[in-house]
Amino acid sequence: MIKNYLKVAWRNPRKNSLYSLINIGGLAIGMTVSFLLLIYVYNEFSFDKFNANTDRLFRVLRNQPSNGELMTNGATPIPLAPAMIKDYPEIDKVARTNWPYDILMNYQNKMLKLNTMAADPSLLDMFSFNFVRGDKKNAFSDISSIVLTETGAKALFGDANPIGQVVKFNNQTPLKVTAVIKDNPNNSTFNFNALISWDQLAAQQSWLKTSGWGNYSFMTYAMLKPGASFEKVNAKLKGIVAKYDPNNKENTIFLYPFAQFHLYSDFKNGKAVGGEIEHVRLFLFLAIGILLIACINFMNLSTARSERRAREVGIRKAIGARRSGLVMQFMGESLLMAFISFVFSVGLIYLLIGKFSTIINVPLVVPYTNAFAWLAALGVILITGIVAGSYPALFLSSFRPVKVLKGQVVSVRSTVTPRKILVVIQFAFATFLILSSIFIYKQIIYLKNRPVGYDQRGLVELPDEGNMDKQFENFRRDAINAGAITDGALTGNSISSNNSSSWGITWTGQLPGEDKLPIDQIAVTYHFINTYGLKLVEGRDFSEAYPADSLGIIINQAAVKLMRFKEPLGQIVKYQGNKCKVVGVVENFVWGSPHEPVKPAIIGFIKGWTGSIGLRLNPAKSVSNSMALIQDIYKKYNPEYPFEYKFVDEKFANKFRTEKMLGNMAIGFTCLAIIISCLGLFGLASFSAEQRRKEIGIRKVLGASISNLWYNLSREFVLLVLIAFPLGSVISWFMVDKWMKDFTYRTPLSWWVFLATMVISLLICMATVSWQAIKAALTNPVKNLRSE
C-alpha cells in the first residue's frame, strides 16, 4: 500500500505538470523569501553572542538630563575605566576604545587605509578574538605594537607572514605587527581591520593624557566577575560621576548587557524601548505571512483539481481504504511537494542571498554548517507540508464513493466557502503590503522634500588629513583660481552628521539648570557659511578681516529661541571656557536626524578641531572636470594620501537608508504576495468554473452572452476582494500609524491612497479571473452537457 501511495504521489505531479509546476513554484518562492527573512532574523538574534563571556560582558552607558528627560548614549570619559576597576571589586576587567576610523598605513611605500580602533589590552581578554598568528599575551607587549585582522594583513602583506614587520601608522609612526586575528563575524560590534593600544593613541594625541571627566568622547566596556550581579553593580555605579565630577553629578553611569544592545539600543527617558528588534519582528511577521499565503495558494490549487482525484478516492474507499489512510496519502503527497519546493528554494537562496544582503544593507551568509539551521529548515518543511496539505487531505478524503463514482462530487457551496475564506486572507495580506509600500515611500519623499537649510547641490567633502590642515589655504586658493570651486572651508566634521555636543554653556538671562543642557556644536574656520550655503538671518560669516572672530560664534534660530535673545548679535556666550560674541544667526538647518526637530546649535570658530573639508563646486564647470582639477591640486599638497571625497547630498540620502530599505522590501514582498495571491485566485476561479460547467452550458444554450457569463463568474471574486480590502486596510493603518509616530514630521494618511489601492486590487483580481471566466464562457455547451 505504501509503495502504491508513493507511486501515485510521484505520478500525479507528472500527470498534471502545469498545476504541479505552479504549486511547487509558489511554495518554493514562498519558502525562499521566508528563509531569507529567517536568516536575517537569526543573524540579528545571534549578534555579538559568539563571545565566550557573553553573559558577563557589558557596555557602559550614560544617562544625561536634557529638557526634562534623560538622554542615553555610549560616550564616556577617559578616567571612568580606571575608577571602575579601583572602586568596584565586582568588576573583573574594563576596556576603553575610540570610535574606529580609517587610518593610512604605509608598508614599504604601499599605502592604503585600514579601519583602525584603539583599545586597552584588556579588550583581548574580555572578548573572543581568534589568533591566527601570535598570541594575546604578547599582542600589546609594548606601545609600538599593532594587531591586524586577516583581511588587513592580506591587504598590506599579501600571503607573506606579517609578524615582526613594521608599518608606518598614519604614514608617520612605526608600529610592529605582533599578531593576526581572524576577521570578526559580520554580526559583531567590532569590525576593525587594525587594532592599536590605548597608550599608542594617547601618544598620538597628547591631549588624551590630560582629558578629564568632562570629556565624554570614548566607549567603555566592562566584564564582571563570575557570579556578580550587574543590577547591584549598577546601583553602586550611580554615584561614580558625583564622586569624581561633582559639577556634572546629574550624569549617571550604568551597565547594559553587551549582546542585548544591538537589538535594544533605543532609549527613552533612560529606559530601553526598542531598536533593531522592531525590524526583526517585522521581518519575522513577513516571513510567516509570505509562507502562509504560499500555503493557502497550495490548498486552493490542490482542491481546484479535486474532480480529477474523485474517482480515485471513490475506488480506494470502495475496496476498503479508510479515511485516515487517505488523509495520510494526501498529506504524504503534500510533504513530498514541500520537500521538492525546499530543494528549489535552497538554490534560489544561494542565488539571491547577495542581492538581499545589499537591499537590507546587512551582510548575510547561509548557515550551511549549522546543524540547528538544518533542523529549523526541516521543521519549516514539515509545518509547511502539514499546513498546506491539511485542507486538501481532509477535503479529498471526505468524498463518498457512491456519489463520486456516479459523477456527483460535492456541492459547490460546501467546497467553495472555505476556499473563499483563504483567498480573502491572501488578498487582505496583499492589501496590507500595497498600502504599507505606498505610505512608506510617501513618507520618504515628504522628508526628502523638506528644506534642509543649506544648499546640497555641488557640495563635496574631503577628509582633513596629512598636510591638508596646514596647506588648506593654499589648496583653497589654487582650486578657486583653477575655476574648480567657488569656495571652501575647514570644519570639525561633516555637515551631514552631528556627532558633537557641549554643555556648561552659559549666557545672560539663563535659567537654572540650562547650563547642563547639551547643545550641538561644529568647529569651523573661515568661509563656512558661504561654502555650505547656509542662510544668514542676521550678522555675518567668520572672516579674516575680523581678528576678534577667534572668539566669535554663530548660532541657529533654535539656539536663539533657547537663549531667549531678542537681539542676538553682540550677545556674550561662555563657550568652551571662553567668553564668545555672537557674530551671526543662521536659519535652522538639518544637521542631525531629519525625523526630529532641529536642535539648538553653535558654530564655533576653533582652529585645530577640524577633521573635514567642504568644497563648493563651480556650477559653470562639469562635475567631472572640477573633480579632476581638485584631485591634481590635492596631490600637489598631500601626495601621500589617497584622494577621497563624498557628495553631501549622497551622505544626506543615507539618513533615509532604513526607510528606503523598508520601502524596497515592502515593494518586493507586495509584488510577491500579489503573484502568489493571484495564483490562489486563479485556482479558485478554475475550480468554480469546473464546478459550474453544466450551469454555464445551460445558460449558454438559453442565450446568455459571453459578457453575461463573464459577469456571473467574476462578480463573486470581486466581492472577495472588496471583503479583503477593509481587513488589510485596518491592519495597514494601525501598523503605518505606529511606525510614523517615530517621525516628528510625517505625511498624512491620505484617503486617495486607500482608494488607489482598492482600484489596483480590483484590476489585479479582474485580470486574474477573466482568463478562466472567458475560457469557460467560450467552451462549447455540447461538451459540458453531453452526459445529460
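With which residue does Asp478 form a salt bridge? In this predicted model, local features require pLDDT of at least 70 and side-chain atom pairs count only at pLDDT 80 or more, whereas totals for chains, interfaces and linings use all residues. Residues are numbered from 1 along each chain as its sequence is written, and side-chain values use heavy atoms, with hydrogens and water left out.

Asp478 pairs with Arg477 in a salt bridge (a side-chain nitrogen of Lys or Arg within 4 Å of a carboxyl oxygen of Asp or Glu), and the closest N and O atoms of this pair lie 3.9 Å apart. Asp478 is buried at 17% relative accessibility, where buried denotes under 20% relative accessible area, exposed over 50%, and partly exposed the range in between (1.4 Å probe, protein chains only). Arg477 is partly exposed, at 41%.

A salt bridge also joins Asp478 to Lys636, with 3.2 Å between the closest N and O atoms. Lys636 is exposed, its relative accessible area being 56%.

Elsewhere, Lys86 forms a salt bridge with Asp87 at a closest N and O separation of 3.3 Å. Lys86 is exposed, with a relative accessible area of 63%, while Asp87 is partly exposed at 21%. Both residues belong to a network of salt bridges that also includes Lys243. Under the stated criterion, the count comes to 19 salt bridges.
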